[in-house]
Structure formats: C-alpha cells, structure tokens
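Me: I would like to go through this structure one step at a time. Please start with the terms.

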Amino acid sequence: SKGDADAISFLGRKYFDGKLGLTKDVPRAIELWAEAAELGSLDAHFQLGHMYFTGNGVAEDKQRFIRHLQQAAVQGHVESRYMLGAVEECDNGNYKLAVQHLMISAKMGYQKSLYGIKEMFKEGHATKAQYAGALVGYRD
C-alpha cells in the first residue's frame, strides 16, 4: 500500500543518512527506495532520481534520473517538477520546457521555482506574462 511505500522510503532515507541507530548503507537505501518506488512512493522516485543524477551509490544515468523524476512529477511531487525544469534550463538549454516545469511547481507553492522563473525572465528566457502568472499562482 501507499503507506507501506512511504514507510519503506523513510527507512531508505535513514539508511542513507545513517540515522535511527542504523549504520550508513547507501546500497541498502537504494534497494529500499527501488522497492518503495515500485509501490508508488513519489519521494522514493525523487531520491532514486537524485542518486542517478549525482552518481552516489549508482552509476550516473541521465535517462533513469529523468524517468524517476517524471514519475514523481506527473503525480504532484513538486521538488521533482522543479528539478526537471532546472535540468531543462541548465543542461539542455530547453527554456520553453524549463518554464513549463517551473510554472507548474511555482503554482504548487515552490519558492525556488518562482525564483527560477524570475531569473529566466531577467535573462530573457521567460516572458513578463509568464513571470506574472508564476507570481499569481505562487500566491494562490
């Protein structure tokens, strides 16, 4: 169930950090996150995506990074949506898609996304209307 998935993801985080009396064990954390992701944990998808992005405990894998973040983002995980926008902007130069991701997460109340759109507006990659829309959405 979803509760079990979140509990398994939580336990993965504790193994990753070496908390709650557990010895730090990144491979075990990754196993737990993979199990939790299969059970539907959005946080586990985010954590796995981040691991594939940094190469911490796994080989760097951009495709898996994107896939895990997309899985979480389409189901409402705001940080995953923000990271997808940041990657599209910084790594891929796809400003149109970056703005779309950041607009969605700004409207979900994520301050970093609002700041990202503001910066893209300053650099000429987002319109004044998009920045204004993000501001309104962020406040609502």
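Reply: Helices (H or I, at least four residues) and strands (E, at least two) are DSSP runs, numbered from the N terminus. The expected span of a helix is 1.5 Å times one less than its number of residues. This is a predicted model, in which local features need pLDDT of at least 70, side-chain atom pairs count only at pLDDT 80 or more, and totals for chains, interfaces and linings use all residues. Residues are numbered from 1 along each chain as its sequence is written, and side-chain values use heavy atoms, with hydrogens and water left out.

Me: How many helices does the protein have?

Reply: Along the sequence the pattern reads α-α-α-α-α-α-α-α. There are zero strands, and the number of helices is eight.

Me: How far does α7 reach from its first C-alpha to its last?

Reply: Helix α7 covers residues 111-122, which is 12 residues. At 1.5 Å a residue, 16 Å is expected. The reach in the model is close to that, at 17 Å.

Me: Which residues of α7 are buried?

Reply: Buried means under 20% relative accessible area, exposed over 50%, and partly exposed in between (1.4 Å probe, protein chains only). Gln111, Tyr115 and Lys122 are exposed on the other side of α7. The buried ones are Ser113, Leu114, Gly116, Ile117 and Met120.

Me: Why do the buried residues of α7 line one face?

Reply: The arc uses the directions from the helix axis to the C-beta atoms. Seen down the axis of α7, the buried residues line one face because they fall within an arc of 160°.

Me: Which helices do the buried residues of α7 pack against?

Reply: Contact means heavy atoms within 4.5 Å. The partners of these buried residues are α5 (78-92), α6 (95-107) and α8 (128-139).
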